[in-house]
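The following exercises concern a single protein chain.

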Amino acid sequence: LVELKNGETFNGHLVNCDNWMNLTLREVIQTSPEGDRFWRLPECYIRGNTIKYLRVPDEIIEMVKDDAVRQRQAPVGSGRGRGARS
């Protein structure tokens, strides 16, 4: 769920996010600031500087934490300098 500074909300699947918090969502339901009108959108792009807040499900946050731990534990390389092994 994404709420914009103007009160509109967008509920959908996060597809992409960049360093400026610009988002791409799919299968979106847009709600008017008053909450009385709804639109279904196949995809939408939201500029990061218009976002008031994001709500991400707890299970997604846990998945990201677990993935980060696995990446830290994985060996990076042999540590023997440049070049590939023969």
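**Exercise 1. A residue in the sheet**

The bridge partner of threonine 24 in S4 is tyrosine 45. The model is a predicted one. Determine in which strand threonine 24 is found, and whether this residue counts as buried or exposed.

*Solution.* 
- Step 1. Threonine 24 belongs to strand S3.
- Step 2. The strands S3 and S4 pair in the antiparallel sense, over 8 bridges.
- Step 3. Buried means under 20% relative accessible area. The relative accessibility of threonine 24 is 16%, so this residue counts as buried.
- Step 4. With neighbours within four places in sequence left aside, threonine 24 is in contact with His13, Leu14, Val15 and Asn16, and also with Glu43, Cys44 and Tyr45.

**Exercise 2. The arrangement of strands**

State the order of the strands in the open sheet, and identify which strands stand at the edges.

*Solution.* 
- Step 1. The open sheet has 5 strands in the order S4-S3-S2-S1-S5, with antiparallel pairing.
- Step 2. Strand S4 (38-46) and strand S5 (51-54) each have a single partner strand and stand at the edges, so one side of each is left without a neighbour in the sheet.
- Step 3. On average, neighbouring strands of this sheet are turned by 30° against each other, direction ignored.

**Exercise 3. A residue of strand S4**

Leucine 41 has its place in strand S4. Classify its accessibility and list its contacts beyond four places in sequence.

*Solution.* 
- Step 1. Once neighbours within four places in sequence are left aside, leucine 41 is in contact with Phe10, Glu27, Val28 and Gln30.
- Step 2. Glutamate 27 is 14 residues from leucine 41 in sequence, while their C-alpha atoms are 6.1 Å apart in space.

**Exercise 4. The largest pocket**

Describe the lining of the largest pocket by class, and name the element that gives the most to it.

*Solution.* 
- Step 1. The volume of the largest pocket is about 260 Å³.
- Step 2. Its lining consists of 14 residues, and Leu1, Gly12, Leu14, Arg55 and Val56 lie nearest its centre.
- Step 3. Strand S2 (9-17) and strand S3 (23-31) are the elements that give two or more residues to this lining. S2 gives the most, with 5 residues.
- Step 4. By class, the lining has 11 nonpolar, 2 polar and 1 charged residues.

Conventions:
Residues numbered from 1 in each chain as written. Predicted model: local features only at pLDDT ≥ 70, side-chain atom pairs only at ≥ 80, totals over all residues. Heavy atoms only, no water. 1 Å grid on protein atoms, 1.4 Å probe; cavity = no way out; pocket = protein on both sides within 12 Å on 5 of 7 lines; lining within 4 Å. Points joined across faces, edges and corners; volume = space filled by probe spheres on them. Helix = DSSP H or I, 4+ residues; strand = E, 2+ residues; numbered from the N terminus. Nonpolar A, V, L, I, M, F, W, Y, C, P; charged D, E, K, R; others polar. Pairing = 2+ DSSP bridges. Axes fitted to C-alpha atoms, helices over the stretch in contact; angles between N-to-C directions. Buried < 20%, exposed > 50% of the residue type's maximum accessible area, 1.4 Å probe, protein only. Contact = heavy atoms within 4.5 Å.
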